[in-house]
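Please look through the structure shown below. The paragraphs after it start where two chains meet and then turn to parts of a single chain.

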Amino acid sequence: MNTPATLNELLVVTLAREFRNDEVGFTGLATGAAAALFATAIPLAAMQLARRTHAPDLTVLLAGWIYNPDLARLDELPDAEFAEKLRDLPCESQSLDYPGSWPHRNGAISFGFGSGVQVDACGNINSVLVGDPARPKVRLVGSILLPEHFSQFGREYIMMPRHDQRTFVEQVDYVAGVGYPGGLEGRARLGLESGGPELVVTPKCIFDFDKVAGRMKVRSIHPGVTADELRAATGFDLGDLSGVPHTAPPTERELEIIRREIDPRSALLGYDMASAQ
Amino acid sequence: MSNSIATAEVERRSKVVSLQQAAGLVADGMRIGLGGFAIYQRPMAFVRELIRQRRKDLTVVGVTNSIEADMLIAAGTCSRLETSYMGFEKFGLAPAFRRACEKHGFDAVDYPELLAWDRFRADQEGLQFWPASGLGGTSLVELNPDIKAFDCPLTGKPLHALPATRLDIAVIHAAAADKYGNVIVPGFHNLPQSFDVTLSRSCRKLVVTAERIVSDNFLQRHARLVQIPAARVHAVVEVPFGAHPTSMLGRYLDDDTHWAQYIGAAKTEEGVAEYLKANVFDLASHDDYLDRIGGARLASLLQVDLQQ
């Protein structure tokens, strides 16, 4: 009998069920334990699970340069984009230069994963600063590849390791990646004809979008989280949550694949945010 | 037939100069590109020499930047940074940059990552700008007067023009170059070395610091790896461990201990001033810097990489 699914495993299967065969999924290499778990490790495990259940031809693009790496060989997730551990990782192809082998403006990337310090009600993301841009309260790293993720990838999964009123805000202080301001029509007016965020994954729930209204809405609430808790943790109105289901749990078979084949050494999913806090 | 020019009346010019002379090519107020990527293979010895010579008001133009720009900002050498990422990856946020933005309104200009690289490609192609789709609605375009909106002349769709970098000078740190400036780029490289190659094609004045200036014979045995031919290079300096404390592909790993020292010091203005005094101003040369780091520490960073 398997032990119950962890939060990490719940998020892995939720994402894995989204991916279709023949797609290409892009992960950067996020740093910091919680960010690395959400933006890199969980996405990698989810793509591996999809490859074993229903999408055998899914391509994993790790750190923007390594195709279909043999992740089961890792004993821990590397913490640097060009670490020796990554350079030595068995894989199928390596993109060593820019421009490389994934022309993202020409439809090369089906989906990506992004994170930030703030996300807002219409799905804009911010990784640049908090406060006034001219004299920020907190200056962070910059937009990095998020503008491209939110406009030139087929779709984006927003991965937020923290879910509180500071991170889920009505309006971000800086738009690094564009959600649905004014809905799909609003995006079209900005010249954004495809792409955009698809889901927002947090420790408390899964959001999707009303893409006509241009507003984030709760798709499912994780087991053990109440609607009141969710409202208290979110800086914008969530509307009526009475009909919202719980996030569907992993099957026994999915758990077995994750634990035995994908992450046998807990290199990807070993970090437990709840016990770390 | 030999290609020797020993009997010719003129001799081919060596471009080898001292680190001091090379840094002297940079004038106050210039726009400068620094090779490498994020925390990898940055021309740190050159950066320290710029600081030692008290250069000021430089604009650093990059794709992803890290300790090389942070140290220049801490020293008052860099007053503007145009990039997509300014941080220390696994080591966290860039402390001097962060303080400069939060306390002093430092001029940080944000670009998207690959478009930041495309700006260099615009220079390479002799273009004034690089056209970009997909930027509408971002704060990057709203806050940056150098990015101009325009309509595609063929389809009428909204695009943005990102200015070429228009660098005055660029500096890279390479594993090996010859005295004429031919630079070997290992076959199994990554974006840090790829960016060096882009810099060599986008900037008309390229300075190369190299771990080793190699013989003509060695260079010619690796001709297929010479992605930067001598004609693109203005000056060459031999600087062993010239990327320290960042890593050097195939040669040495990053010096985590020294990164931690810098980060600890750079948390305060006083701390970073002491760091710069001890590691830059009080030292006469790069050799003195290596002595300060210590032979045992440097030896411990050496790696074996035969996948070249």
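In this predicted model, the interface of chain A and chain B holds 25 residue pairs in polar contact, counting pairs in which both residues have pLDDT 80 or more. On chain A, three elements each supply at least two residues of the side that touches chain B: α3 (84-87), β9 (135-139) and α4 (146-152). The element that gives the most to this side is β9(A), with 5 residues. Sorted by class, the side of chain A that touches chain B has 24 nonpolar, 8 polar and 12 charged residues.

Charged residues also meet across the interface of the two chains, where 3 salt bridges are found. One of the salt bridges in the model links Glu193(A) with Lys157(B), and the closest N and O atoms of this pair are 3.4 Å apart.

How many residues of each chain take part in the contact between chain A and chain B? On chain A there are 44, and they are in contact with 51 residues of chain B. The size of an interface is often given as the accessible area lost when the parts come together. For chain A and chain B, the area buried between them is about 4,000 Å², with 54% of it on carbon and sulfur atoms. Arg87(A), Tyr98(A) and Arg139(A) supply 20% of the area that chain A buries against chain B, more than any other three residues.

Is His149(A) buried or exposed? His149(A) counts as buried because its relative accessible area is 5%, and the cut-off for buried is under 20%. Leaving out residues up to four places away in sequence, His149(A) touches Phe26(A), Gly112(A), Phe113(A) and Glu156(A). With Glu156(A) there is also a polar contact of 3.0 Å, which joins the two side chains.

The last part to look at is a sheet. Strands of a sheet pair through backbone hydrogen bonds, either parallel or antiparallel. In chain A, an open sheet of 3 strands runs in the order β7-β6-β11, and its pairing is mixed. Its edge strands are β7 (125-126) and β11 (168-169), each of which pairs on one side only. Strand β6(A), residues 118-120, pairs with β11(A) in the parallel sense over 2 bridges. Which residue of β11(A) is the bridge partner of Asp120(A)? The partner is Val169(A).

How values were computed. Residues numbered from 1 in each chain as written. Chains lettered and ligands numbered in written order. Predicted model: local features only at pLDDT ≥ 70, side-chain atom pairs only at ≥ 80, totals over all residues. Heavy atoms only, no water. Contact = heavy atoms within 4.5 Å. Buried area = accessible area lost by both parts, 1.4 Å probe. Salt bridge = Lys/Arg side-chain N within 4 Å of Asp/Glu carboxyl O. Polar contact = N/O pair within 3.5 Å; in protein donor to acceptor, adjacent residues only side chain to side chain. Helix = DSSP H or I, 4+ residues; strand = E, 2+ residues; numbered from the N terminus. Nonpolar A, V, L, I, M, F, W, Y, C, P; charged D, E, K, R; others polar. Pairing = 2+ DSSP bridges. Buried < 20%, exposed > 50% of the residue type's maximum accessible area, 1.4 Å probe, protein only.
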